[in-house]
Amino acid sequence: MLSISMDVNKYMADVMEYNNKMIEIRRKIHENPELSYNEFQTAKIIAETLRSFNINVKENVGGTGVIGLLKGTDGKTTIGLRADMDALPVLEENNVEYKSKNNGVMHACGHDAHVAMLLCAAYVLSKHRNELKGNIKFLFQPAEEDGGEGGALPMIEAGALENPHVDHVFGLHILNDFPIGTIALKPGPEMACPDSLKIMIHGKGGHGSDPANTIDPIFVGSQIINAVYGIRSRYIDQKEPVTISICSVHSGTKDNIIPDDLIMGGTVRTFNENIRSKIKKLVNDTVKNISIAYGASAEISFKDNAYPVTYNDPEITEEVVKLLSGINGIKVVDSGLLLGGEDVSRFLNKAPGTYYFLGTKNDAKGLIYSNHSSKFDVDEDYLKFGALSHIDIAMYFANK
Ligand SMILES: [Zn+2]
Ligand SMILES: [Zn+2]
């Protein structure tokens, strides 16, 4: 059994010193939401706030990304704390004093709160910089909601995880699937890799009365759908969480014409890189071989920029669970597998760490709407726990 000797609650007084300011920052960003890759004002607020704490700041990292570096006393390790900062194309339906002023754009996923909590943590950590052996790198990333290219990769390519080299990355997401007072996470795979798939089948069109003189792409396509669905049930371990769905099929123009081509699209969701590549290969072989068998040809493409599986390092996560369980007022629960994808996975694949969820659903306050809803809002009284969790993790891992 692992023991965490650190008193995890000792920084709560410092968090409370900054609590009003943290909520003020959250509301300011909430009022002025910016879409993926356009987080200019948000980045400016972040950079100015970090500088006011005497933290070294780099702006425009891989786009609008901002990095703050707080140097530790020996600098032998560097811990990365990550927050995303983009909003969504959603028309806000909340009637709150901090309602979005940018019509049709809304912080409906809590990234405004992510920024505010990490800035609060930066305040407290900078105040206690003499207690930190390792460095702390604050990673504010653009475009998490993009779903494809995303903001993490351009930041990594711009050197975000070097000079100094980041050993571990940690981050958190507000999630209204979980009630106030909870932090949810799990070791190993936590969030899915959402691949999207396109299949084109080329046949030979002709008269509907004379199929023998055609290569019917609709017939070939129907065989392919059945066979592709067989992959999950016959070739993948039944205990593996996998979904394969063909969600669109387009072909043909008229009742008496056999068309030339058919196109279909779908989604493949996996939690395991080996299973993911196994399915890709099986889909490829199945589609190609069935097409050849019927005299047709096929093109298959997987959009190759899907976010990878979000993977929590098991050993580190065990320590994080112990650590966060020590916070008064917080219960750590098992998140189970989540089918969403997360750009943080790109940081975690380079610098193993943990990603966890802060519950802010509060039935009593009517804060019941899920992330991405036009009525989504967070319980601001619980942001202090998110800030404290960043601080605890940073203090523990930078002094290990
Ligand atoms: Zn989101
Ligand atoms: Zn989000």
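## Two packed helices

The crossing of α1 and α3 is right-handed, a label given when the near helix is turned clockwise from the far one by less than a right angle. Helix α1 covers residues 12-31 and helix α3 covers residues 111-127, and they pack at an angle of about 150° with their axes 8 Å apart. Here helices (H or I, at least four residues) and strands (E, at least two) are DSSP runs, numbered from the N terminus, while axes are lines fitted to C-alpha atoms, for helices over the stretch in contact, and angles run from 0 to 180 degrees between N-to-C directions.

Contact means heavy atoms within 4.5 Å, and the residues that make it include Y18, M22 and I25 of α1 together with M117, L119 and Y123 of α3. By class, this contact has 13 nonpolar, 1 polar and 5 charged residues; Ala, Val, Leu, Ile, Met, Phe, Trp, Tyr, Cys and Pro count as nonpolar, Asp, Glu, Lys and Arg as charged, and the others, Gly among them, as polar.

## Basis of the model

This is a predicted model, in which local features need pLDDT of at least 70 and side-chain atom pairs count only at pLDDT 80 or more, whereas totals for chains, interfaces and linings use all residues. Residues are numbered from 1 along each chain as its sequence is written, and side-chain values use heavy atoms, with hydrogens and water left out.

An automatic or database domain assignment gives domain 1 (12-191 + 309-398) and domain 2 (193-302). The centres of domain 1 and domain 2, taken over C-alpha atoms, are separated by 40 Å, and the contact takes 8 residues from each of domain 1 and domain 2.

The largest pocket is lined by 29 residues, of which E144, G340, G341, E342 and H372 lie nearest its centre. A pocket is an open set of points on a 1 Å grid over the protein atoms alone, where a 1.4 Å probe fits, with protein on both sides within 12 Å along at least five of seven lines, and lining residues have an atom within 4 Å of a point. Domain 1 and domain 2 each give at least three residues to this lining, which has 10 nonpolar, 12 polar and 7 charged residues.

## Backbone exceptions

Most residues other than glycine have a negative phi, and most peptide bonds are trans. N54, in the loop between α2 (40-52) and β1 (56-61), has a positive phi of about 65° although it is not a glycine. A cis peptide bond joins N163 and P164, with omega about -5°, and P164 is found in the loop between α4 (152-157) and β5.

Key: Chains lettered and ligands numbered in written order.
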